[in-house]
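Work through the exercises below with the structure open beside the text. Try each task before reading its solution.

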Amino acid sequence: MKTTQLLIPTQKEAPNDAQIISHQLMIRAGLISKLASGLYSYLPMGVRILKKVENIIREEMDKAGSQEVLMPVTQPAELWQESGRWQEYGPELLRFNDRHGRDFCLGPTHEEVITNLAAQYIRSYKQLPMSFYQVQTKFRDEIRPRFGVMRSREFIMKDAYSFHLDQASLQQTYDTMHQTYCNIFDRLGLDYRPVLADSGSIGGDASHEFHVLADSGEDAICFSDESDYAANIEKVAFSKMEATCTPKAQQESVLTKKKTNIDEVAEFLSVEKSSCIKTLIIKVADGFKALALRGDHELNEIKAQNLFGEFELASDEDIKSLGLKKGFIGIKGLNIELIVDYSASVLCDFVCGANEWDQHIIGVNWQEVEFSEADLRNAVEGDPSPDGQGKLVIKRGIEVGHIFQLGDKYSKAMNSNVIGEAGKAVTTTMGCYGIGVTRVIAASIEQNHDARGIIFPEAIAPFQVVIVPINYNKSTRVKDLADSLYQQCLEVGIEVLLDDRKERAGIMFADSELLGIPHRIVLSDTHADNGKVEYKARNQSDKVEVDYEQALSFIQSKLN
């Protein structure tokens with residue numbers, strides 16, 4: 001296409017509310033336009049990128065044997081009430097009434113709808129396994145939409161669902177989908193990691209997240225430096241350890257006036273934070289519990305919730321009612337259950353609070369108290385990998401995909417049964433597989449950009465090649481050469497953009513780099529004189545002169 005035929009409203013500056021680079025560059029490159037908080041229109045160049053992402057996803061899902069469907073965005077409350085999620089899902093579910101006063105919602109996901117469909121049309125075990133997918137708009141009423149399309153209220157998602165007679169069949173499809181996702185993200189040109197993950201509000205058992213590695217990522221992911229082990233930091237599990245030290249120190253209470261946190265205490269006593277114990281008091285359904293961790297470790301709230309159910313940190317009043325002193329809580333003299341993290345339980349001669357104002361105790365050991373042990377903490381860089389191979393590396397990641405083994409959570413609640421081989425009704429077991437299509441674009445930009453703009457992987461760039469003819473509207477020779485090369489590219493199926501605007505060369509160069517088009521050809525009167533063109537790859541700084549007659553074959557070689 002020609003630039004004058006397209007709406008490409010590039011901007012020199014990003015809006016003030018654009019905090020991360022993908023949001024800034026998508027606005028500046030004219031890919032999206034903000035309509036309201038968390039709502040964006042996709043402009044022509046953005047749509048080209050979006051369709052390429054969708055096409056790759058569709059091709060790989062089709063290869064995996066999944067069937068494409070399209071389900072309504074608007075969903076009746078009855079389905080969500082049947083699954084038990086009408087109230088459970090929370091305020092992100094946008095509920096409304098139609099003119100007859102009936103309850104509906106805008107779908108943030110489609111487990112209920114697809115399970116309802118399966119209950120109607122999948123009747124026999126002979127039809128299983130069967131999987132379906134769609135590429136469709138979702139709506140989640142985020143309390144604070146931010147980061148452009150990274151966390152918007154309305155977004156496009158590929159969601160897929162599979163139905164099975166038993167766990168073995170589900171595992172087989174799950175493994176196929178895991179590989180399918182790897183194929184998709186490989187084709188999209190992303191540096192990513194599949195990691196063990198928590199299933200969250202969707203429910204179910206086994207699950208993996210797919211994270212694009214980027215410094216701006218919201219999630220911390222851990223992976224071994226020697227093996228394929230990878231997990232969300234929330235899912236890194238540690239085992240019970242054997243104590244290897246022998247107590248030697250003399251226990252002593254010391255004055256630590258106004259030193260109420262681990263950093264202050266460790267510095268004041270000239271000890272490592274790893275030699276200190278911090279004690280957290282949490283409030284659970286049946287009262288309070290004390291959790292003890294090493295001073296350099298943080299509580300993993302997901303692990304704690306899995307162990308104790310819903311909880312919250314005790315308030316100042318709660319701590320006071322237990323006879324404890326905030327900032328000086330220790331492990332001795334507690335009248336509530338004490339649970340100690342595995343890595344803390346092997347310490348000896350450590351420092352902890354004295355449960356007295358302005359006092360800590362040095363030389364403390366666990367033999368003096370009763371406690372149980374549990375895995376309570378987050379992983380830290382350098383921890384031994386849980387698979388026994390290498391050490392953990394921690395990087396930031398942007399979640400772009402998530403696959404779940406749902407089991408029978410929805411099929412049982414919504415009566416998705418089939419007649420089994422023995423002639424009796426059998427509840428199907430389900431899998432769920434999602435990719436944030438619009439989020440993929442933002443994640444790709446977060447991972448692929450420089451000071452001049454976007455550097456799109458070729459598979460999803462809006463165009464493969466841009467031709468920049470200098471003085472196109474003034475020089476007949478330049479125009480003829482540019483038009484001829486443009487036509488040659490079209491004839492062999494190259495996606496080419498001809499910048500035919502009446503703009504200065506610097507503006508055209510800047511726009512092509514901002515848009516992230518992988519390959520650029522420049523033509524000028526000088527090139528017309530010497531029979532050359534100038535070639536530059538977006539991800540390289542060097543420029544190369546190529547014979548005009550060889551330009552097409554040269555471009556093709558670069559694309560191949």
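The exercises that follow concern a predicted model.

**Exercise 1.** Determine how helix H1 (residues 21-28) and helix H11 (residues 437-447) are oriented to each other.

Solution. 
- Step 1: the two helix axes come within 8 Å and cross at roughly 105°.
- Step 2: angles from 65 to 115 degrees count as roughly perpendicular, therefore H1 and H11 are roughly perpendicular to each other.
- Step 3: H1 contributes Ile 21, Ser 22, Leu 25 and Met 26 to the contact, and H11 contributes Ile 441, Ala 442, Ile 445 and Glu 446.
- Step 4: sorted by class, this contact has 6 nonpolar, 1 polar and 1 charged residues.

**Exercise 2.** Find the disulfide and say which parts of the chain the pair ties together.

Solution. 
- Step 1: searching the whole structure gives 1 disulfide.
- Step 2: the bond is formed by Cys 245 and Cys 348, with sulfur atoms 2.2 Å apart; the cut-off is 2.5 Å.
- Step 3: Cys 245 is in the loop between strands E12 and E13, and Cys 348 in the loop between strands E17 and E18, so the pair ties together parts 103 residues apart in sequence.
- Step 4: Cys 245 is partly exposed, at 33% relative accessible area, while Cys 348 is buried, at 18%.

Note on methods
Residues numbered from 1 in each chain as written. Predicted model: local features only at pLDDT ≥ 70, side-chain atom pairs only at ≥ 80, totals over all residues. Heavy atoms only, no water. Axes fitted to C-alpha atoms, helices over the stretch in contact; angles between N-to-C directions. Helix = DSSP H or I, 4+ residues; strand = E, 2+ residues; numbered from the N terminus. Parallel < 35°, antiparallel > 145°, perpendicular 65-115°, else oblique. Contact = heavy atoms within 4.5 Å. Nonpolar A, V, L, I, M, F, W, Y, C, P; charged D, E, K, R; others polar. Buried < 20%, exposed > 50% of the residue type's maximum accessible area, 1.4 Å probe, protein only.
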